[in-house]
Amino acid sequence: MSKKESVTAVGADALSGGRPGRRAVLGGAALAGAGLLAGGRRARAAGRTELTFASAKFFGKETVAQVVESYNASQGRVHVSYVELPPPSDSTDVHQLLVQQLARRNGSPDVFTQDVIWIAEFAGAGWALPLDQEFGAEARKNYFPGVVQACTWGGKLTALPWFIDSGMLYYRTDILGATPVPETWDELVKIAQAAEKSGRARFGFLWQGKQAEVLVCDLVEFVTSNGGAILAPDGKTVLIDEPKSVAAVQFMRDTIDRYKITPEDVLSWDEEPSRRPFTAGQAVFLRNWSYVWTIAQDPKASSVVGKVGVAPLPHFPGGKSAACLGGYQYGVNASTKNRDAAIDFVGWMSSPATQLRFATSLGLAPTRPAVFDDPALARSQPFMQRLKPVFLGATPRPVTPKYAQVTLVLQSAVSRALVDGNVKQALAGAKQRISAIVSS
Amino acid sequence: MSRSVAVGGALRRAPLAFPILLRMRIEAAPLLLLVPTAISLGSVSVYPILDGLWLSFRNTTLATRQDRFVGWLNYRLLAGDPDFWRAWRHTLEFTAISTLAETAIGLAMALLLVEWFVGRGLVRAAMLIPWAMPTVVTSKMFGWLFDGQNGLVNWLLRSLHLISRNIDWYGSPHTALPTIIFADVWKTTPFMALLLLAGLQTIPGSLLEAARVDGANAWQSFWRVRLPMLAPVLLIAAMFRALDAFRIFDLVYVLTGGGPADSTEVLSTLTYKTLFSALEFGYGSALSTAMFATEALMALGFGILIVRSMRRQAR
């Protein structure tokens with residue numbers, strides 16, 4: 001209120017005086033207004049380096065903005081302004097906004113957060129500052145290896161881990177009883193078939209086969225747990241048609257066609273449609289993300305409260321359990337004019353204390369295994385604490401700057417393989433098209 | 001005030017002194033009045049179309065920062081792109097079947113609603129509800145109705161012993177597109193019925209009376225009087241519908257995302273994926289230009305039919 005009055009007063013005085021030209025007065029008033037509006041912040045941020053930080057919207061008991069404010073309050077050198085992007089459910093929009101901003105190369109935003117699948121794209125375009133010097137091999141050991149792998153492009157660390165999510169196996173403790181949780185896919189098939197036969201469950205095993213991004217996540221898990229891969233670490237050699245990958249996709253189809261533990265409907269199901277029968281008590285096993293736990297324990301939404309367990313996904317003989325890695329990670333704009341301040345800020349954001357806070361008040365799981373052993377986490381997020389072994393198997397999706405195009409080919413080819421059963425041919429076709437994309 | 005007087009004076013004097021200037025003024029005035037419309041239409045309609053056309057000759061991709069003129073390359077790629085042709089076929093299939101079904105059912109509804117019966121006003125209003133619903137809501141609703149495991153449709157069909165086991169409506173490439181077409185027909189038929197009802201009401205009652213006097217039965221008066229009189233309206237309504245159906249996006253996006261096995265991928269979803277997920281603006285623009293060209297051809301075909309039927313009626 002007082003700001004407005006004083007601006008008017010300046011203008012009125014000058015006008016009644018009649019001396020200064022009209023333009024000068026208007027300019028003066030505008031300047032005074034701008035000064036007053038910015039005054040509060042400038043006083044607080046006097047002599048501080050100004051940073052902008054753009055992140056997709058996350059919230060829980062606290063917001064990202066509140067965490068950023070704590071950083072501003074914790075020191076006197078840097079002041080960060082937070083720019084809120086749409087929530088991760090609108091990730092296409094978040095991606096677009098970031099690409100438009102970063103492509104301008106004007107240093108704004110200085111720091112941003114990105115979905116793991118964009119890291120290679122941004123790094124390949126030269127938009128992300130390599131962080132190897134500041135976060136060396138020792139510092140990287142403090143994070144889950146899968147996350148570091150996803151944050152690395154061309155041998156350089158181009159993103160700093162924020163939080164993690166991954167695929168995991170939900171199972172019904174009441175149906176399994178004394179039977180140990182399956183560690184191989186064979187064991188899972190046997191338990192699922194037995195439960196279906198005895199009538200204790202309508203469905204043995206639910207996963208997501210809709211022609212969408214989630215299909216690629218499921219694919220990564222099946223293929224990696226057979227020791228296969230979609231793309232070699234060089235980012236150029238396509239391995240999706242190798243025997244191990246083919247066998248894994250064949251198994252995906254077999255769950256529907258041969259073992260009959262999965263309904264054909266998964267071919268049109270993404271996360272939620274596959275979650276509903278499980279929390280309604282109709283299924284033994286479900287592959288899904290960590291969000292299902294909260295719903296499964298909510299008596300209003302679930303009929304399996306207290307009857308659900310979580311474990312790493314099974315693997316094939318000779319393979320290792322794999323969990324498709326998701327989550328947002330920090331990036332520093334390569335064109336930033338405040339390099340040191342930006343690195344100080346991301347270092348603070350990725351520190352154990354801040355990760356613990358994100359975990360306890362926003363429900364975002366830490367990317368540092370050590371934080372999982374913190375008693376504070378055990379108190380406020382007992383379920384999250386149990387996910388440490390799951391996250392140890394976190395596996396990135398193919399790391400390539402052309403991921404957006406690669407994933408569309410994979411979705412189409414794997415959907416085709418699952419529908420018509422011609423796995424080898426579909427994957428050979430995918431290899432050809434992906435090779436053309438990554439080599440161009 | 002003084003200015004307008006001056007103009008008036010100039011106009012009166014001009015014919016003798018400056019005839020050319022006067023003619024220019026008279027001709028320029030209406031043109032000047034059109035300028036605001038031209039600017040607004042040009043900036044929101046013509047410019048984006050031309051810009052899209054221009055982009056389709058470049059390899060603009062945001063992430064790889066390519067932005068070069070590549071001539072006809074995008075169109076050559078398009079011609080050999082099986083994904084494009086598949087989506088193109090699905091889109092035409094969707095457009096043809098849904099437009100035909102909506103026109104036929106809409107006509108039947110309109111014929112019913114043009115007759116007087118108790119509660120006609122109420123029925124006419126209620127009929128519009130499906131059309132008034134946001135498409136995303138319709139999509140979700142049809143998602144539930146045709147759910148493969150717990151959907152109402154499967155339950156009904158099973159209860160009536162028409163099927164022995166559940167049909168996986170959205171998970172099978174044979175049923176996914178037909179199910180989406182069904183949803184679209186349910187949603188948009190009322191719109192067609194409304195347009196055709198308006199057309200039916202313009203047919204003079206005297207013509208129908210005359211037909212009755214001549215001994216025509218209801219069937220004959222429909223084929224010989226109503227349908228020929230309705231033809232131009234019918235064609236215009238079908239054109240609107242076909243052009244709109246060609247841009248089908250929300251139903252597919254919500255229900256199947258283009259799957260399974262690309263069986264429901266249509267041009268809009270493919271273009272969306274190319275433009276906004278992969279950020280390939282060049283190739284994506286070539287895709288949308290191809291869509292635009294197909295729509296223009298469709299509109300041209302309908303245009304010819306409409307003009308013909310109008311001429312026939314004028315005779």
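Domain bounds here come from an automatic or database domain assignment. On that basis, chain B is divided into domain 1 (2-55) and domain 2 (81-314). The centres of domain 1 and domain 2 of chain B, taken over C-alpha atoms, are separated by 43 Å. The model is predicted: local features need pLDDT of at least 70, side-chain atom pairs count only at pLDDT 80 or more, and totals for chains, interfaces and linings use all residues. Residues are numbered from 1 along each chain as its sequence is written, and chains are lettered from A and ligands numbered from 1 in the order in which they are written.

Two residues are in contact if their C-beta atoms, placed from the backbone, lie within 7 Å. Between the chains, 24 residues of chain A are in contact with 22 residues of chain B. The side of chain B that touches chain A has 9 nonpolar, 9 polar and 4 charged residues. Here Ala, Val, Leu, Ile, Met, Phe, Trp, Tyr, Cys and Pro count as nonpolar, Asp, Glu, Lys and Arg as charged, and the others, Gly among them, as polar.

Helices (H or I, at least four residues) and strands (E, at least two) are DSSP runs, numbered from the N terminus. Two strands pair if DSSP finds at least two bridges between them. In chain A, an open sheet of 4 strands has the order 14-7-12-15, with mixed pairing. Strand 14 (365-366) and strand 15 (394-395) of chain A stand at the edges with a single partner strand each, so one side of each has no neighbour in the sheet. Strand 7 (residues 163-166) of chain A runs antiparallel to strand 12 (residues 323-326) of chain A, and 2 bridges join them. A:Ser166 stands opposite A:Leu325 of strand 12. Strand 7 of chain A also pairs with strand 14 of chain A, again in the antiparallel sense over 2 bridges. There, A:Pro366 is the bridge partner of A:Phe163.

A residue is buried if 20 or more other C-beta atoms lie within 10 Å of its own, exposed if 12 or fewer, and partly exposed in between, with C-beta atoms placed from the backbone. Both faces of strand 7 of chain A are covered. A:Phe163 and A:Asp165 are buried on one side, A:Ile164 and A:Ser166 on the other. Helix 10 (residues 213-224) of chain A lies across strand 12 and strand 15 of chain A, at about 140° to strand 12. Axes are lines fitted to C-alpha atoms, for helices over the stretch in contact, and angles run from 0 to 180 degrees between N-to-C directions.

Another open sheet of 4 strands in chain A has the order 9-10-8-11, with mixed pairing. Its edge strands, strand 9 (203-206) and strand 11 (308-311) of chain A, each pair on one side only. The twist averages 15° from one strand to the next. Strand 8 (residues 168-172) and strand 11 of chain A pair in the antiparallel sense over 4 bridges. A:Leu169 stands opposite A:Ala311 of strand 11. Helix 12 (residues 271-279) of chain A lies across strand 8, strand 9 and strand 10 (283-288) of chain A, at about 155° to strand 10.

In chain B, the buried residues of helix 7 (residues 135-145) are B:Thr138, B:Ser139, B:Phe142 and B:Gly143. They cover an arc of only 140° around the axis, and so lie on the same side of helix 7 of chain B. The arc is that of the directions from the helix axis to the C-beta atoms. These buried residues pack against helix 9 (176-201) and helix 12 (250-255) of chain B. B:Val137 and B:Trp144 are exposed, on the face turned away from the buried side.
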